[in-house]
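Welcome, and please have your viewer ready. We will go from one selection to the next and look at what is there.

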Amino acid sequence: MKPVTFMVIVLSAAGATPAQEKSVQRPPIVGISHVRFHVSQRDAALHFYRDVLGMAAGKGLCENEHLVHLTCLWVGKGQFVQLDSLEQRRPSSLLEEVAFATPDVEGMSKFLLSRGFTYELVAGHELIIKDDAGRIVYFRVLDPEGNRIVFEQPPKDKQAESGHQAGVALIHTGFVVHDRAAEDRFYKDILGFHVYWHGGMKEGEDHWVDMQVPEGTDWIEYMLGVSPNASHKTLGVMNHIALGVPDIKAAEAQLRKNGWSSNEQPKIGRDGKWQLNLYDPDDTRVEFMEFTPTQKPCCSEYTGPHPKP
């Protein structure tokens, strides 16, 4: 696929009739396709994601000549992390966008139009990409809290392989949520996500709500109760990704072999799964997590299938 067409547009909310809403069905949302982070030093970030985490260099959207500030690194299962080193943009949250894979991007566009979204010209660099036949293969929408959400077709390129990769799949991404009800109206009521697990530091409290995609096992994690004035370090902890591994001890051993030398040790989280936290040069957290729990989770039971290697 060769992206050829750029238009400065974004989807925004507008009105739609009940008949229009019912006439267009939502296409499948099968998982996370990519996550984009802003990085202040490309070389340092590339060393962390490529050499320490073991991700392989890839192309994806990064093959486009208009997006030379992006670096793509394959994770697994057609997923990748994008590193954005554009100096003119230094957001408070370094998590810039989350992309979901769907086999029918055109259908997803029509569905969102039927649910009250319209294309609107905006200032900035928002874009839509079409292929040589004029079909949409990538577009963005802003969720109720202004997070950039992307829908795209999974890449068809053969995935590059890495002999020292520690994580084998991108199983979830988390970001700060201040208004859960508003986010639920978008992710749950419109897009069909469902609660996979929820819990907190104490019983009866929710600090994390895992919202699983409707036709897959990946999820987004609402990070609740975070101050609007949270520090850069706190936002780096909250706005994160998680890489799935079959064995956390084996993943730790591979990371240390790759040069990681932190005193951080694996631990079992409140969700009953083994996990290990690393931080990139900009303090963004990368969590390694086993696919399935090894003990009963706190706070709630799981309500969906667990991811697999």
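## A tour from cavity to surface

In this predicted model, begin with the lining of the largest cavity: by class, three of its residues are nonpolar, six are polar and none is charged. To see them, select S92, S93, L94, L95, H232, L235, G236, N239 and T284. The space they line has a volume of about 50 Å³, and the structure holds one cavity of 30 Å³ or more. Now color helix α5, residues 232-238: with three residues, this helix supplies the largest share of the lining.

Next, which residues touch the most other members of the largest nonpolar core? Select Y49, L53, F100, F151, L191 and F288, which hold that place in a core of 54 residues.

Now center on L191 and show its contacts. Leaving aside residues up to four places away in sequence, L191 touches R26, I29, F111, L112, F151, F186 and P214. F151 is also on the list of core residues that touch the most other members.

For the last stop, go to helix α6, residues 248-257, and pick K257. Is K257 buried or exposed? K257 counts as exposed because its relative accessibility is 70%, and the cut-off for exposed is over 50%. Finally, draw a C-alpha to C-alpha distance from K257 to V52: the two are 205 residues apart in sequence and 8.6 Å apart in space.

Definitions and conventions. Residues are numbered from 1 along each chain as its sequence is written. This is a predicted model: local features need pLDDT of at least 70, side-chain atom pairs count only at pLDDT 80 or more; totals for chains, interfaces and linings use all residues. Side-chain values use heavy atoms; hydrogens and water are left out. On a 1 Å grid over the protein atoms alone, a cavity is a set of points where a 1.4 Å probe fits but cannot get out, and a pocket is an open set with protein on both sides within 12 Å along at least five of seven lines; lining residues have an atom within 4 Å of a point. Grid points are joined across faces, edges and corners, and a volume is the space filled by probe spheres set on the points. Helices (H or I, at least four residues) and strands (E, at least two) are DSSP runs, numbered from the N terminus. Ala, Val, Leu, Ile, Met, Phe, Trp, Tyr, Cys and Pro count as nonpolar, Asp, Glu, Lys and Arg as charged, and the others, Gly among them, as polar. A nonpolar core is a set of buried Ala, Val, Leu, Ile, Met, Phe, Trp, Tyr and Cys residues joined through side-chain atoms within 4.5 Å. Buried means under 20% relative accessible area, exposed over 50%, partly exposed in between (1.4 Å probe, protein chains only). Contact means heavy atoms within 4.5 Å.
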